[in-house]
Amino acid sequence: MPLYSLASKEILGCIKEYIKRGELVRISDALEYNNILYREITFSKKLFKNLRKENLGYLYINEKNEIVNEKSLQERLAKLAYFSEVLYNKESRICIINAYQEEAKVEKDRKDYKLVANGLDFLTKEGISDSEKVKQIVIKLPEIRKNNNLVLKQLMAAAYKCKEEKKYFNLYMLEELLPTYRNALSINLQKIKLINSARDCYTNIKKTSDKKSKQMSIRFNHKLTEPLIRLSFTMGYFIKLVNTCETISEMSDTQYFKYLGTIEKENIDFRVKLNRSKKNS
């Protein structure tokens with residue numbers, strides 16, 4: 001179920017002095033703080049057709065549709081709104097639940113990695129020494145994916161149970177869900193560190209698999225071309241991953257969570273920074 005919906009005419013009337021021309025105004029499910037219910041309002045525009053909306057501003061209102069102007073309260077509500085998006089809002093790119101894979105996708109990944117291992121076996125026979133090292137990584141990845149999926153399933157169940165019991169997202173729910181959330185992130189870090197451990201091997205294996213798959217003696221041999229094509233694709237993914245995650249790939253869990261804390265604070269502060277003032281103020 002979406003976390004945000006279009007603002008009602010009543011809400012739009014209450015905040016009309018904060019809305020800029022052409023903006024889409026959405027309002028969140030209720031957030032509870034000190035036994036009072038609040039909602040986050042977002043302002044966005046579609047800059048180009050089919051591109052996702054970027055939020056250009058925020059407001060927080062209470063049960064009486066009154067604007068929250070106290071900065072310290074804005075900060076607390078921004079934290080709740082940010083983590084409710086991370087834990088519940090499947091429409092958001094930052095929602096951790098989107099990392100969960102259904103069994104059909106898990107099975108497909110398992111088969112794909114088996115193909116990759118076959119491709120690496122072929123390159124090992126061709127004298128590519130790095131292939132065996134990368135194969136050991138590929139063999140371990142499905143188990144990490146399985147463990148991560150298990151933790152994400154636990155997180156979804158706990159999040160659903162909290163919502164059913166407490167109705168509104170609050171600090172108590174956040175504290176209850178954080179350990180499982182952190183566990184899922186820790187397992188993902190394991191995956192990144194494992195893939196990063198052979199980062200110097202991937203470019204050569206990708207180039208070699210591309211070259212081999214185009215050779216006339218191999219091109220029409222489906223039993224060889226399919227593993228080599230899948231191997232090339234996977235090496236491209238590994239290369240992109242290690243480059244994207246270079247900052248965290250050498251971190252311990254403690255360093256990683258400290259780093260994440262900084263990122264989370266930046267995202268929360270961003271919401272507060274973009275808290276709207278009246279158009280003419």
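How do the residues of the lining of the largest cavity divide into nonpolar, polar and charged? In this predicted model, the structure holds one cavity of 30 Å³ or more, and the volume of the largest cavity comes to about 50 Å³. Its lining is made up of L3, S28, D29, A30, L31, S84, Y88, K163 and F169, and these residues divide into five nonpolar, two polar and two charged. Two of the lining residues, Y88 and K163, are also in contact through a charge placed over a ring, the charged end of K163 sitting over the ring of Y88 at 4.6 Å from its centre. A further arrangement of this kind involves R276, whose charged end sits over the ring of F43, 4.5 Å from the ring centre.

Across the whole structure, a search finds six aromatic pairs. One of them joins Y202 and F238 in an edge-to-face geometry, with 5.1 Å from centre to centre and 65 degrees between the planes. Because Y202 belongs to helix α6 (residues 202–213) and F238 to helix α8 (residues 222–244), this pair ties together parts that are 36 residues apart in sequence. Both Y202 and F238 are buried.

Another pair, formed by Y256 and F257, is tilted, with 5.6 Å from centre to centre and 40 degrees between the planes. Within this pair, Y256 is buried, its relative accessible area being 5%, whereas F257 counts as partly exposed at 23% relative accessibility.

Methods:
Residues are numbered from 1 along each chain as its sequence is written. This is a predicted model: local features need pLDDT of at least 70, side-chain atom pairs count only at pLDDT 80 or more; totals for chains, interfaces and linings use all residues. Side-chain values use heavy atoms; hydrogens and water are left out. On a 1 Å grid over the protein atoms alone, a cavity is a set of points where a 1.4 Å probe fits but cannot get out, and a pocket is an open set with protein on both sides within 12 Å along at least five of seven lines; lining residues have an atom within 4 Å of a point. Grid points are joined across faces, edges and corners, and a volume is the space filled by probe spheres set on the points. Ala, Val, Leu, Ile, Met, Phe, Trp, Tyr, Cys and Pro count as nonpolar, Asp, Glu, Lys and Arg as charged, and the others, Gly among them, as polar. Rings of Phe, Tyr and Trp (its six-membered ring) pair if their centres lie within 6.5 Å; planes under 30 degrees apart count as stacked, over 60 as edge-to-face and the rest as tilted. Helices (H or I, at least four residues) and strands (E, at least two) are DSSP runs, numbered from the N terminus. Buried means under 20% relative accessible area, exposed over 50%, partly exposed in between (1.4 Å probe, protein chains only). A charge sits over a ring if NZ of Lys or CZ of Arg is within 6 Å of the ring centre and within 35 degrees of the ring normal.
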